[in-house]
Amino acid sequence: MPQAPASVDIIFRLLRELPETTRTDLVARTGLSKATVSETIAQLLANDLVTETGKRQPGRGRRQVLLQLRNGSRLVIGAEFNEHGCRAVLADLRAGPVRFADRSFTSAEPEDFVNALEECVAELRAVATAPVLGIGIGVPGLVDDAGRSVAISVPFNWRDVPFAALVEERTGLATTIANRAKAAALGEYWQGSPSDLADRSHLAYITAGAGIVAGFVIKGDPYYGHVGTAGELGHTTVEPDGPQCGCGNQGCLYMLASESAIVRHVREAHTATPVHVRASHPPLDMHDGITIDDLSVAMKDGHPLVVQAIERAARYLGIAIGNLINIMNPSHVVIGGSLAAFGDVLLVPLRAEIQRRSLWDARNRLSIAPSKLGDDVGPIGGAALCLSRVDSSRMIHPG
Ligand SMILES: [Zn+2]
């Protein structure tokens, strides 16, 4: 495969970020020579990656040909694993979804995951009308720097699972993996809001659910930290003498605002409530397997213990996010995960707490909003992850 020069990477990146551009724009933005830009665009045109869409006349200057990326000329597959199954998407060069596929599974063995993903991939490849460049996968857990192995996944009890290699063996497609919140942050960056990408220059995506993790995208690039643990928001301290956490610390956000923490809190409050008071509440069956979805129903019925537990979790989450805002100074904070489904019962106290805990300058021009992508953010993030790592020579010559 011929090696593409760095200029192709630079120009390709701009073509993905800008809805349309011109050769003159590209020269101005990149500092590359006119000849290099023309040559690179010629190569991209010849390989169907770019199209000329019309002309624009800036002031009294010469008319310039408008260039647009051909989004659908190459495709990728993105996937996310959660506790119930695999959700995958066939996506274009801006991680825009073309088709989704879902499989559920009952065990947490890596082999079952790979089987479920293989079926999704076969279903999506069957409808692909352009070359598929690779697969990006969001997994719950810590992933090695190279995006090849799951170092540790607490929900699935995995250690050192060479997941990317397993998927490549089955599908023959280049595979890269990342923590699912970190992949989802890239999905939010590319597909989360209709506003200009340049607007979302410092994005923090926070998934709050079974775990609480933040993913960061800085000027289009994911930020993973020195060894990949950036964004472990769930293990930041929000209560110095709070409950003991599995990570070794006390009073972690995870112990006070995750799904399991909310369920635990409702259960404790329910037990402590006198029977005659309980009788005045809407019905709530505190069986052993109660889930966050059951609590969501109870919240909609206005169950006071459930509403209080969500508000309490929102406060802790607000303290942690307020700290994050002061440290990172993001342009956008996007809230996803199962807790986002609590809507204003969560978001109103969360915003109030952020207001109390963060500097005015840091939050003044900050957007805080729930994710609009919902459950789609995971697979779309996987697609964006794949695109962030695929090199342009493969893009040009997918082989
Ligand atoms: Zn912890």
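Reply: Five strands make up an open sheet with mixed pairing, in the order β14-β13-β12-β15-β16. Strands here are DSSP runs of E with at least two residues, helices are runs of H or I with at least four, and both are numbered from the N terminus. Two strands pair if DSSP finds at least two bridges between them. At the edges lie β14 (221-223) and β16 (367-370), each of which pairs on one side only. From one strand to the next, the twist averages 25°; axes are lines fitted to C-alpha atoms, for helices over the stretch in contact, and angles run from 0 to 180 degrees between N-to-C directions.

A word on the model itself: it is predicted, with local features needing pLDDT of at least 70 and side-chain atom pairs counting only at pLDDT 80 or more, while totals for chains, interfaces and linings use all residues. Residues are numbered from 1 along each chain as its sequence is written.

Now let us look at one pair of strands. Strands of a sheet pair through backbone hydrogen bonds, either parallel or antiparallel. Strand β13 (residues 212-218) and β14 run antiparallel, joined by three bridges. Within this pair, V217 stands opposite P222 in β14. Helix α11 (residues 304-328) packs on the sheet, where it touches β12 (202-208), β13 and β15 (332-336); contact means that the C-beta atoms of two residues, placed from the backbone, lie within 7 Å. The direction of α11 makes about 160° with that of β12.
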